[in-house]
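My notes follow in the order of the searches.

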Amino acid sequence: MILFFTGPMYRYYLSMDEIIGRELIVSNVGSEVIGNVQSVSGKIGNALKFNKDGGNVDLADFSASCLGNPALCLHGFLVAFWIRLDELRSHSYYFSSPGFDIYSVGKNLYADVYAGNRKWEARTYGLESGIWQFVEVTWSESNGLSIYIDLRLATKQAGHSIEPPKKSTNPTFYIGRANYANQQEYPYGLIDDVEMIYGERETLLFLDLIQRGK
């Protein structure tokens with residue numbers, strides 16, 4: 001796989017394979033594992049197991065980057081990951097930064113993107129427990145927000161609403177909890193093989209920077 005160390009389509013790849021001490025081993029971003037998060041056998045190598053007790057991964061300050069502030073994105077972004085839930089819970093957050101959230105309420109999967117006073121929100125029904133599912137969330141200002149589940153376009157929201165910016169002074173990007181204080185239930189399940197790229201899915205496929213087989 002290609003690593004983008006410079007340029008507009010920077011890539012983060014979190015294999016979720018190894019925790020040493022309290023650090024998730026990632027080549028190009030700092031991380032701290034907080035609480036009861038375990039490395040277990042996953043979809044591809046190992047995965048991180050979240051145990052519905054608040055354990056999470058702190059990826060530090062993303063506020064000056066595309067994933068922390070989508071208004072800075074030149075070509076949008078893509079967040080792709082494998083997930084296997086042991087339990088479908090209410091308001092479980094999987095990825096959350098000052099600029100976007102990916103969370104679920106029961107079988108409904110949500111993605112919210114905030115760029116200044118503009119908000120894109122997409123929702124789809126289709127999460128299941130006990131099986132691995134491949135989720136992709138992609139956004140750009142021109143094409144809006146889309147969610148794919150197992151390579152199928154589940155929902156697309158081209159338009160946005162105008163509302164106050166997200167109420168968070170926390171610059172941190174988290175996996176396994178919300179970026180801000182709210183009433184939430186924590187995830188109970190596994191997340192594996194996370195890929196985050198500063199480019200929307202359609203463009204990345206056109207440039208052959210990602211591949212998506214059947």
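Entry 1, disulfide. I looked for bonded cysteines and found C66 and C73 joined in a disulfide, with 1.9 Å between the sulfur atoms. The model is predicted, and I read every value below as computed from it. I searched the whole structure and got one disulfide. The link of C66 and C73 is right-handed, with 90 degrees about the S-S bond.

My search of the whole structure returned 14 aromatic pairs. I wrote down F77 and F100, whose ring centres are 5.3 Å apart with the planes at 45 degrees. Why is the pair called tilted? Planes under 30 degrees apart count as stacked and over 60 as edge-to-face, so the 45 degrees of F77 and F100 makes the pair tilted. F77 belongs to strand 8 and F100 to strand 10 (residues 100-105), so the pair ties together parts 23 residues apart in sequence. I noted both F77 and F100 as buried.

I also took down W120 and W139, an edge-to-face pair with 5.2 Å from centre to centre and 75 degrees between the planes. W120 is in strand 12 (residues 118-125) and W139 in strand 13 (residues 133-140); the pair links distant parts of the chain, 19 residues apart. W120 is buried at a relative accessible area of 0%, and W139 is buried at 2%.

I followed the ring pairs onward and found a cluster of Y10, Y12, F62, F77, F100, W120, W139, F173 and Y198.

I found the charged end of K52 over the ring of Y188, 4.6 Å from the ring centre. R177 lies over the face of Y174, with 4.1 Å to the ring centre.

Entry 4, largest pocket. I recorded about 260 Å³ of space in the largest pocket. It is lined by 14 residues, and F134, D193, E195, Q211 and R212 are the closest to its centre. I sorted the lining by class and got eight nonpolar, two polar and four charged residues.

Which strand gives the most to the lining? Strand 8 does, with three residues. Strand 1 (11-14), strand 8 (77-85) and strand 18 (188-197) each supply at least two residues of the lining.

Key. Residues are numbered from 1 along each chain as its sequence is written. This is a predicted model: local features need pLDDT of at least 70, side-chain atom pairs count only at pLDDT 80 or more; totals for chains, interfaces and linings use all residues. Side-chain values use heavy atoms; hydrogens and water are left out. On a 1 Å grid over the protein atoms alone, a cavity is a set of points where a 1.4 Å probe fits but cannot get out, and a pocket is an open set with protein on both sides within 12 Å along at least five of seven lines; lining residues have an atom within 4 Å of a point. Grid points are joined across faces, edges and corners, and a volume is the space filled by probe spheres set on the points. Helices (H or I, at least four residues) and strands (E, at least two) are DSSP runs, numbered from the N terminus. Ala, Val, Leu, Ile, Met, Phe, Trp, Tyr, Cys and Pro count as nonpolar, Asp, Glu, Lys and Arg as charged, and the others, Gly among them, as polar. A disulfide is a pair of cysteine sulfur atoms within 2.5 Å. Rings of Phe, Tyr and Trp (its six-membered ring) pair if their centres lie within 6.5 Å; planes under 30 degrees apart count as stacked, over 60 as edge-to-face and the rest as tilted. Buried means under 20% relative accessible area, exposed over 50%, partly exposed in between (1.4 Å probe, protein chains only). A charge sits over a ring if NZ of Lys or CZ of Arg is within 6 Å of the ring centre and within 35 degrees of the ring normal.
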